Amino acid sequence: LASTPAFWVYKATSGQAIANDTWTLLTFQTETLDSDTDFDMSTYKFTPTTAGWYYLFSQVYWATATDATSILIGITKNSTTVNHIAYGTGYNYYYDSVAISALGYANGSSDYFCAACYQNSGGSINTAADEATHFGGYKIIGA
């Protein structure tokens, strides 16, 4: 048995500006793992081709000391910025990060997952351009 499909992507070359008070789809530049070519680097969607339960995780690391009283990261199903299956919340007081993990069921054909984030610092702030801002997941064996 294998934990596939599996993927892991991250921001490599540039951070991403996240507008104030708006859910924003996270974009990625580097694909380290994509066992079954189920992650689309042009739409930033993971569409597993095998039905089952998936362990999904994501993290955003902020490239700023700008304070934000609410930083949220969500994993969405069949939407790029709404229909969260789970989300985590935190604060940015000095180059902080927020991480999340969740379980999601995919039908193996049309269901897809994305990572999105939200912040309310009063202006746009940038994510870091390194492996600390990432999105990944894999099929749970036997599920």
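**Entry 1: strand β10.** I started with strand β10 (residues 97–106), where V98, I100, A102, G104 and A106 make up the covered face and S97, A99, S101, L103 and Y105 the uncovered one. I noted that side chains in a regular strand alternate between the two faces of the sheet. Strands here are DSSP runs (E, at least two residues), numbered from the N terminus.

The model is predicted, so I kept in mind that local features need pLDDT of at least 70 and side-chain atom pairs pLDDT 80 or more, while totals for chains, interfaces and linings use all residues. Residues count from 1 along each chain as its sequence is written, and side-chain values use heavy atoms, without hydrogens or water.

**Entry 2: the partner strand.** Next I checked β7 (residues 52–61), which runs antiparallel to β10 with 10 bridges joining them; pairing takes at least two DSSP bridges. Y61 has S97 of β10 as its bridge partner.

**Entry 3: the salt bridge.** How many salt bridges did I find? The count is one, taking a Lys or Arg side-chain nitrogen within 4 Å of an Asp or Glu carboxyl oxygen. D111 and K77 form a salt bridge at 3.7 Å, N to O. D111 sits in the loop between β10 and β11 (113–119) and K77 in strand β8 (residues 68–77), so the pair ties together parts 34 residues apart in sequence.

Is D111 buried or exposed? D111 is buried, at 10% relative accessibility, and K77 is partly exposed at 23%. Buried means under 20% relative accessible area, exposed over 50%, partly exposed in between (1.4 Å probe, protein chains only).

Key
Helices (H or I, at least four residues) and strands (E, at least two) are DSSP runs, numbered from the N terminus.
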